[in-house]
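Here is a short note to read beside the model. Keep the sequence and the 3D view open as you go.

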Amino acid sequence: MQRRPLIAGNWKMNGLAAHLEEVDAIAALAAEKPTVDVALFLPATLIARAVPRAGVVAIGGQDVHGETHGAFTGNVSAAMLHDVGATAVLVGHSERRTYHGETSPDVAIKAAQGHAHGLSVVLCVGEDAAVRNEGKAEQWVSDQLLASLPADADPEWLTIAYEPIWAIGTGVIPTIDEIAAMHGALRSALRGVIGDKADTMRILYGGSVTGDNAPDILGLDDVDGALVGGASLTAAKFAPIIAAA
Ligand code: PGA
């Protein structure tokens, strides 16, 4: 089954106007690699300025509120993201789940909000070290995914990102066999809910992806791209990951 790879960068709470030059450089890389989709999830403050410079790179927000509008100080709605030119949104990142108490049902609502406003959605799941060490990771993450999945989940607009929490920003990654087993487990969990559409839904790997480990990770059958934090902050570090896809 051919799925078009997606290499997505998540800048988290990094980036000022000067860093827009990196968007220009990443746009140039993406233009040279038409077989791969490239996206950048930027701080909300950079989105409107990045969009005109992004070329084929999809620009997205890092979170969205579950309600359409209202008295939610500090939050950003899906309509607001769409209004400034974003075409994508990240939901359920472990940093949102951990530091902002977001639950899987919250994440499902956020995903549906993004879709309702025409955004493509990357939905993150992943276990912590304790779950991994207990040997329960595949079942635990499959359950988390199904609890986070919006009702009308469809590969046309939804992508899954498997990000083990213990691999994020640590330089430690699962073994290639562990990644393959998890992605296989997630795809079969999806198949139980969305049937054959599971075959076309992209499942990304995220957590300490670099130019060095990207070829092995992206070479796996069930890995359809990467969600990249630190190594997406500069075009120089992002380039070999895009090249490996
Ligand atoms: P990292 O972050 O690549 O810096 O480990 C990945 C992520 O949190 O999306």
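1. Start with helix α5 (residues 104–116) and helix α7 (residues 137–148), whose axes lie 7 Å apart and meet at an angle of about 45 degrees. Helices here are DSSP runs of H or I, at least four residues, numbered from the N terminus. Axes are lines fitted to C-alpha atoms over the stretch in contact, and angles run from 0 to 180 degrees between N-to-C directions. The pair α5 and α7 is therefore oblique. Under 35 degrees would be roughly parallel, over 145 roughly antiparallel, and 65 to 115 roughly perpendicular; the rest are oblique.

2. Which residues make this contact? From α5 come Ser 104, Pro 105, Val 107 and Ala 108; from α7 come Gln 144, Ala 147 and Ser 148. Contact means heavy atoms within 4.5 Å. By class, the contact of α5 with α7 has four nonpolar, three polar and no charged residues.

3. The model is predicted: local features need pLDDT of at least 70, side-chain atom pairs count only at pLDDT 80 or more, and totals for chains, interfaces and linings use all residues. Residues are numbered from 1 along each chain as its sequence is written, and side-chain values use heavy atoms, leaving out hydrogens and water.

4. Now the ligand. It is surrounded by 13 residues, and the closest are Lys 12, His 93, Glu 163, Gly 169 and Ser 208. A residue counts if one of its heavy atoms lies within 4 Å. A side-chain N or O atom of Lys 12 is 2.7 Å from a ligand oxygen. His 93 also places a side-chain N or O atom 2.7 Å from a ligand oxygen. Gly 169 uses a backbone N or O atom, 2.6 Å from an oxygen of the ligand.

Key
Polar contact = N/O pair within 3.5 Å; in protein donor to acceptor, adjacent residues only side chain to side chain. Helix = DSSP H or I, 4+ residues; strand = E, 2+ residues; numbered from the N terminus. Nonpolar A, V, L, I, M, F, W, Y, C, P; charged D, E, K, R; others polar.
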